[in-house]
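Here are my notes on this structure, in numbered points. Please read them with the model open.

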Amino acid sequence: MNLEKIAFRWSPNLWSTALKGTECYHQLLTQKKMRILEIGASSSIVSLMFDVTQSDIKVGCWQKKQMSEATSALKDLSNLQSKYTVAQVDAFEIVGKFDVIIMKSVLGGLFRTHNSTLDECELYIKSLLKNNINEGGVFITIDNGKHMAEKLLKSIGILKTRWRRFSIQDLSFADNKGFAGAILTVGSLTYRIYIIGFFIDKLLFNLDCLLMKLLPKHPNVICSVFKK
Ligand SMILES: C[S@@+](CC[C@H](N)C(=O)[O-])C[C@H]1O[C@@H](n2cnc3c(N)ncnc32)[C@H](O)[C@@H]1O
């Protein structure tokens, strides 16, 4: 089984492009035996992208159901190089210090637009860096970008949730950012209409990569890396 597929599950091309677009990810892959924490994992386990580092990886899930999804996803994988422990972890009550903390598609839900501000979100990241990241370590968050046609999509019932989507200018104190997509790849059809969906997703992704060159200010996915 391809680790990247399990790491990103729903739109692997798009989301992995954003992570791989950061210099920091490639530097981290040259290190070994790190202490890594993933927050908000499910059957999609983004920390698998660090498997080659032979690290101690804590796969943090918020709910029991996601703990069993993560556990069974890991059981299906053979020849893993890192050691994985699945645990219940609340993003607001993290205990201990890590070399890497990573979350994928979590931050925007923790700080939804109707009950939080961007300042609160930034303060949260700063406190994670201060309290839970080892010196020289990093916090990585991969999130949905603010869609160019957000208003239109909301008016036709897509993007209804009050999930916080980030623009390039948000979280400006990040040391490193990676971007992917422009306007076409809003969700994934692979898990809805399977093989046909897979091909549509792939086509849209490739078109989106081209469009991104024309519309670089509106990425669909943004990976932000904060160093301590
Ligand atoms: C959109 S899902 C993303 C799940 C997975 N990371 C992925 O990319 O498929 C958002 C996740 O955030 C988790 N979550 C919500 N509140 C949380 C909290 N306080 N602490 C940790 N995780 C939380 C949810 O359980 C959910 O799994």
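1. Helices (H or I, at least four residues) and strands (E, at least two) are DSSP runs, numbered from the N terminus. By that count the protein has eight helices and seven strands. This is a predicted model, in which local features need pLDDT of at least 70, side-chain atom pairs count only at pLDDT 80 or more, and totals for chains, interfaces and linings use all residues. Residue numbers start from 1 along each chain as its sequence is written.

2. The radius of gyration, taken over C-alpha atoms, is 17 Å, which agrees with the value near 17 Å for a compact globule of 228 residues (the rule is 2.2 Å times the number of residues to the power 0.38). The C-alpha trace spans about 45 × 40 × 35 Å along its principal axes.

3. Of the 228 residues, 40% count as buried. A residue is buried if 20 or more other C-beta atoms lie within 10 Å of its own, exposed if 12 or fewer, and partly exposed in between, with C-beta atoms placed from the backbone.

4. Gln81 sits in the loop between helix H4 (64-75) and strand S3 (83-88). Gln81 counts as exposed because it has 12 C-beta neighbours inside 10 Å.

5. Which residues does Gln81 contact, leaving aside its neighbours within four places in sequence? They are Asp51, Val52 and Gln54, where contact means C-beta atoms, placed from the backbone, within 7 Å. Asp51 is 30 residues from Gln81 along the chain, yet their C-alpha atoms are separated by 5.7 Å.

How values were computed
Two residues are in contact if their C-beta atoms, placed from the backbone, lie within 7 Å.
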